[in-house]
Number of protein chains: 2
Amino acid sequence: MKPITLKDLALKLNISVTTVSKALKGYSDVSKSTRDAVFALAEEMNYTPNSVAVNLRTRQTNTIGVIIPTIVHQFFSKVIDGIIEEAEKKGYLVITLQSNESVKLEKKQIDLLLNKRVDGILISLANDQKEIKHLQKVINKKTPLVLFDKISKSLVCSKVVINDREAAYNAVTHLIQSGCKKIAHFRGPLNPQNSIDRYLGYRKALEDNNIKFDKSLIYTCEDVSFEEGYKFAEDIYEKNKDIDAVFAITDLVAVGAIAYFNENNIAVPNQISVIGFSNWFMSSVISPSLTTVDQPGYKMGKKALKLLFKEMNAQKKGKEFIPETIVLPTKIIKRNSTLI
Amino acid sequence: MKPITLKDLALKLNISVTTVSKALKGYSDVSKSTRDAVFALAEEMNYTPNSVAVNLRTRQTNTIGVIIPTIVHQFFSKVIDGIIEEAEKKGYLVITLQSNESVKLEKKQIDLLLNKRVDGILISLANDQKEIKHLQKVINKKTPLVLFDKISKSLVCSKVVINDREAAYNAVTHLIQSGCKKIAHFRGPLNPQNSIDRYLGYRKALEDNNIKFDKSLIYTCEDVSFEEGYKFAEDIYEKNKDIDAVFAITDLVAVGAIAYFNENNIAVPNQISVIGFSNWFMSSVISPSLTTVDQPGYKMGKKALKLLFKEMNAQKKGKEFIPETIVLPTKIIKRNSTLI
């Protein structure tokens, strides 16, 4: 298929090529209604600027956009740390946005970044992700895109992840090897791929060790909070006095569970072992300190930006870029909330 | 004095007014050497664009720049959270940079943001701040500027702070009221104003309660880290078995001290009370939980951005703006590391 040109857009709208070009570049001497019409048609016809135009654009902004669910979570602030440091080296500026786990906000932010003509976008998806049209638009516009941590399998673009299923499998196997048999899982929300994968890793570890899966030992976090960890620990202990371990979706939830157990004189790890996921700083200073899976946030940020630059550079040179997926290794940090 | 105009610059450099104007706007058809010469002279002659030009600029970027020492500290990630949320409401994008406590990097980042023509800059200063020329440049260029948390008293611009001296005074008074008499202070580095103010608050509280100041009870943190808190706790306890309290510059340092006391069976608070500063989340989940001063990071971020917008709006309307200083209230969060 012949690629759509500025001329095609101009003919359809019955305006000059110059006006179309100016509208796409966001010049202020084009009226808002014309600009909107041009953008709508460009999107509808899947217009993408040619490589020279892309080059011009690339030279202009030297900024990249990052969308994360929330910055106050230590994992994401570490990711941002890695991204900013890597960007600094190349003289790039980083625009940081927070979706607050809202896809609606995420869509708006993608548009803001595209209008701002950032040279590339890094994103970790909001939890309630059901459609990916707004991200497909980024790809269609040939704006380099890298997903990290919370990704969508259906998007064809670069990704930096950990193997959540394997990491969860290893965490639960660690509990089983220490003698635990009745292991609860405080899982994450139903949509995010990493929460699904950790749940599947939990199930596979049980299966491989001939432990029957018991639905009543699964609790689903909505907010992935300290409070949920506390509440679920209380609830499960009321109903199952004989549970001997909890595998939590993230350290914050695990720390909530430990707080409940501590307050109620339920010995961790002697009566109930607890294992977290992410390795926040606080996990090393609470009592008992938390055994957890180390999730390399800082390294993930650096790798994601490197991958983005790789795509940007390929584009500048007019070379084809084949999306890559980098899987970062994780490891279990053994502390005092488990028996071994 | 007559304000410097584009024409003055053009005459001095023996080039056209158009070239000067294009150079200042960063147009690519002006050579780098000309652009550099124009910028150097504009700075030397203290040229500031007139309000119409400022208006044009303001309409163009819709971005603001934020420089913080480090994002992985929970206080600063809360500030960024507040800034991004407030910016979101107004359709502004936030460029986040980290100085890593280096003034050299901070200077470079200020230049990057000015070249990027951000509409305003928010900054919390690096610790080794000795000169402020790079910040004076921002003010001279009439780019709205707000300092927050770590400020310089010598700059005439808006500021959002807490009353560090009073907050520290209250923290130490709290220790004294609980019966403590030999109170150590693990202070921050010598330069930052907030670290000086907390130290002065500590001294004033001792003085007002007729407790003699003892230099040997002061330890100075360089990195403001967990490790320093741990190390200083060990050192002071070796030398002064009878100390009965520690006031730490920040929670991280206090948590390090508590870790040392816990490991060596020194009862907190019965033998030694510990009070922190900042109220990180981890302080509520460690054992014993940490009494601390709540420092409102999220609110500080929101207020700083609101103040920046106020200045930007005044500038758009060509109105004079008088810098404001907002002092946010703090409060002591009583937990289990102190006797009352």
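In the predicted model, the side chains of E88(A) and K108(B) meet in a salt bridge with an N to O distance of 3.0 Å, and this pair belongs to an interface of chain A and chain B across which two salt bridges are found. Between the two chains, eleven residue pairs are in polar contact, both residues having pLDDT of 80 or more. The side of chain A that touches chain B draws at least two residues from each of α4 (51-61), α5 (74-89), β2 (93-98), α6 (103-115) and α11 (251-263), with the largest share, seven residues, coming from α5(A). By class, this side comprises 18 nonpolar, eleven polar and five charged residues.

In total, 34 residues of chain A are in contact with 34 residues of chain B, and the two chains bury about 2800 Å² between them, 66% of it on carbon and sulfur atoms. Of the area that chain A buries against chain B, 21% is supplied by V72(A), E88(A) and L93(A), more than by any other three residues.

Within chain A, which is divided into domain 1 (1-47), domain 2 (51-162 + 299-330) and domain 3 (164-295), the C-alpha centres of domain 1 and domain 2 lie 26 Å apart. Six residues of domain 1 are in contact with four residues of domain 2, and these domains bury about 440 Å² between them, 37% of it on carbon and sulfur atoms. On the domain 1 side, F39(A), E43(A) and N46(A) lose the most area to domain 2, together 62% of what that side buries. Across this interface of domain 1 and domain 2, zero salt bridges are found.

Terms used: Residues are numbered from 1 along each chain as its sequence is written. Chains are lettered from A and ligands numbered from 1 in the order in which they are written. This is a predicted model: local features need pLDDT of at least 70, side-chain atom pairs count only at pLDDT 80 or more; totals for chains, interfaces and linings use all residues. Side-chain values use heavy atoms; hydrogens and water are left out. Domain bounds come from an automatic or database domain assignment. Contact means heavy atoms within 4.5 Å. Buried area is the accessible area (1.4 Å probe) that two parts lose on being put together, summed over both. A salt bridge is a side-chain nitrogen of Lys or Arg within 4 Å of a carboxyl oxygen of Asp or Glu. A polar contact is a pair of N or O atoms within 3.5 Å; within protein, one must be able to donate a hydrogen and the other to accept it, and residues adjacent in sequence count only if both atoms are side-chain atoms. Helices (H or I, at least four residues) and strands (E, at least two) are DSSP runs, numbered from the N terminus. Ala, Val, Leu, Ile, Met, Phe, Trp, Tyr, Cys and Pro count as nonpolar, Asp, Glu, Lys and Arg as charged, and the others, Gly among them, as polar.
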